[in-house]
Amino acid sequence: EKHLFNLKFAAKELNRNSKKCDKEEKAEKAKIKKAIQKGNMEVARIHAENAIRQKNQAINFLRMSARVDAVAARVQTAVTMGKVTKSMAGVVKSMDATLKSMNLEKISALMDKFEHQFETLDVQTQQMEDTMSNTTTLTTPQNQVDMLLQEMADEAGLDLNMELPQGQTGSVSTSVASAEQVNVAFQ
């Protein structure tokens, strides 16, 4: 259980770092706009590189956090199964005592009930394991994710093009588009 606590703590720390990188990315984007408004494209490019780096770090931290969360969930399952096993050992000892003092009909009925409960436990355990494995995989349709990414890329490109002075839209929008392709590749 100590390891479980450490895993959950690490996941929260990674999540915190992701949010911090998101804030830093937004700050860099604001600096980009100021530099573009002043006409200083070299400084704007540096801030754009910083913003992209912060965004990639945020995504990596978030990805790591999700993976650590998945591991923590599996550890939690193992801890719970250990407790169930101990409880079942107690039930078996009780059944031994009961078997010595009961007649055959009562023993048969008790065994049938125990077998039924054990099968129910098996079904519930399998269901929990299936649910756990499904939560660690993507459950959103990929085409919806791709459409949202494209929509956000178009939106970012249009917003940036609107902020640029005339005559400079081509080079910056091309670099932004290639930076977005790099981001999509890392995802």
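Student: Which residues does Ala44 touch, not counting residues up to four places away in sequence?

Tutor: Ala44 touches Ile32, Ala35 and Ile36. A touch here is a contact, so heavy atoms of Ala44 and of each partner lie within 4.5 Å. The model is a predicted one.

Student: What makes Ala44 part of a nonpolar core?

Tutor: Ala44 is one of six residues in the largest nonpolar core, with Ile32, Ala35, Ile36, Met41 and Ala51. As a general point, nonpolar side chains in soluble globular proteins tend to be buried together.

Student: Which residues of H1 are buried?

Tutor: The buried residues of H1 are Leu4, Ala11, Leu14, Ser18, Cys21, Glu25, Glu28, Ile32, Ala35 and Ile36. In the whole chain of 187 residues, buried residues make up 18%.

Student: Why is Glu25 called buried?

Tutor: Its relative accessible area is 10%. The cut-off for buried is under 20%, so Glu25 qualifies. Glu28, at 12%, falls under that cut-off too, and is therefore buried.

Student: What makes the pair Glu25 and Lys29 a salt bridge?

Tutor: The closest N and O atoms of Glu25 and Lys29 are 3.3 Å apart. The criterion is a Lys or Arg side-chain nitrogen within 4 Å of an Asp or Glu carboxyl oxygen, so the pair meets it. Both residues lie in helix H1, four residues apart, about one turn of the helix. In general, an α-helix has 3.6 residues a turn, so residues three or four places apart point the same way.

Student: Is Lys29 buried or exposed, or in between?

Tutor: Lys29 has 44% relative accessibility. Buried needs under 20% and exposed needs over 50%, so Lys29 is partly exposed.

Student: How many salt bridges does the structure hold?

Tutor: The structure holds three. Besides Glu25 with Lys29, there are Glu13 with Arg16 at 2.6 Å, N to O, and Glu28 with Lys31 at 4.0 Å, N to O.

Student: What makes Glu28 and Lys31 count, at 4.0 Å?

Tutor: The limit is within 4 Å, and the N to O distance is given as 4.0 Å; the pair is therefore listed as a salt bridge. Glu28 and Lys31 both lie in helix H1, three residues apart. Lys31 is partly exposed at 40%.

Student: Where do Glu13 and Arg16 stand in helix H1 relative to each other?

Tutor: They are three residues apart, which means a separation of about one helical turn. Glu13 has 30% relative accessibility, and Arg16 has 45%. Both values lie between the 20% and 50% cut-offs, so Glu13 and Arg16 are partly exposed.

Student: How do you know that the span of H1 is close to the expected one?

Tutor: H1 (residues 2–38) has 37 residues and reaches 54 Å from its first C-alpha to its last. Just after H1, Gly39 takes a positive phi of about 85°.

Student: What is the pattern of the chain along its sequence?

Tutor: The pattern is α-α-α-α-α, with five helices and zero strands.

Methods: Residues numbered from 1 in each chain as written. Predicted model: local features only at pLDDT ≥ 70, side-chain atom pairs only at ≥ 80, totals over all residues. Heavy atoms only, no water. Helix = DSSP H or I, 4+ residues; strand = E, 2+ residues; numbered from the N terminus. Buried < 20%, exposed > 50% of the residue type's maximum accessible area, 1.4 Å probe, protein only. Expected span 1.5 Å × (residues − 1). Core = buried A, V, L, I, M, F, W, Y, C linked by side-chain atoms within 4.5 Å.
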